[in-house]
Amino acid sequence: TSNMSFRELRNFTEQMRALGYPRLISMENFRSPNFELVADVLFWMVKRYDPDITVHTAIESEDDRVEFLTSIAISMQSKAGIKLNTKKLYAADGHAVKELLKVATTLYHASRYTEEDGGEEDADVGAPVTSRLTDVKAARSLASEITERGARLHDLLKAEMDVRTHRHGGG
């Protein structure tokens, strides 16, 4: 899993679970290239973002895969302002997780925002997800700050456990 942190994969799997993605995603899925999974996850997220986005769904040949990724990248850039690196997605390994995480995080924050709103979606039926983008960007910033602080806290607590063991154990 070169160039992919454990934290990124953990965040991705947790967000996908929270969003209701039907398959279980684990670390092992990205140890070697798995284009079928990347394609399935991308297609599911894009349709969840906007069911009306047209996606080239064939992925049997190399050309099909390029067309599939290109159609999704163009749609996500124009509709959500999310720039996806199609080469990293095509690799379908640890590098792809960073790209998938961009879309998952946007969906995740939008779903959190909707839940905090009391889930009154009837009032906003006509409002597209993009109208919430400013809130999503603020939430994304807060979420990354929370994640960083959580990771720092985790590291400090681990260090404290090591020190405590040393203090009370043999030393």
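Which residues does Thr106 touch, not counting residues up to four places away in sequence?

Guide: In this predicted model, Thr106 touches Tyr49, Ile82, Val136 and Arg140, when residues up to four places away in sequence are not counted. Thr106 belongs to helix α5. With a relative accessible area of 2%, which is under the 20% limit, Thr106 is buried. A polar atom of the Thr106 side chain lies 3.0 Å from the backbone oxygen of Lys102.

Thr165 is located in helix α6, which spans residues 133-168. Its relative accessibility is 55%, so Thr165 counts as exposed, the limit being over 50%. The side chain of Thr165 reaches the backbone oxygen of Met161 at 2.8 Å. Thus Thr106 is buried, whereas Thr165 is exposed; in each case the side chain approaches a backbone oxygen, that of Lys102 for Thr106 and that of Met161 for Thr165.

As for Phe12, its contacts, leaving aside neighbours within four places in sequence, are Ile25, Phe30, Val41, Val97, Leu100, Leu101 and Ala104.

The aromatic residues complete the picture. A pair of aromatic rings is described by the distance of the centres and the angle of the planes. The count of aromatic pairs comes to four. For Tyr21 and Trp44, the ring centres are 5.2 Å apart and the planes stand at 80 degrees; since angles over 60 degrees are classed as edge-to-face, the pair is of that kind. Tyr21 lies in the loop between α1 and α2, while Trp44 is in helix α2, so the pair ties together parts that are 23 residues apart in sequence. Tyr21 itself is buried, with a relative accessible area of 7%. Elsewhere, ring pairs link Phe35, Phe68 and Tyr90 into a cluster.

Notes: Residues numbered from 1 in each chain as written. Predicted model: local features only at pLDDT ≥ 70, side-chain atom pairs only at ≥ 80, totals over all residues. Heavy atoms only, no water. Contact = heavy atoms within 4.5 Å. Phe/Tyr/Trp six-rings, centres within 6.5 Å; stacked < 30°, edge-to-face > 60°. Helix = DSSP H or I, 4+ residues; strand = E, 2+ residues; numbered from the N terminus. Buried < 20%, exposed > 50% of the residue type's maximum accessible area, 1.4 Å probe, protein only. Polar contact = N/O pair within 3.5 Å; in protein donor to acceptor, adjacent residues only side chain to side chain.
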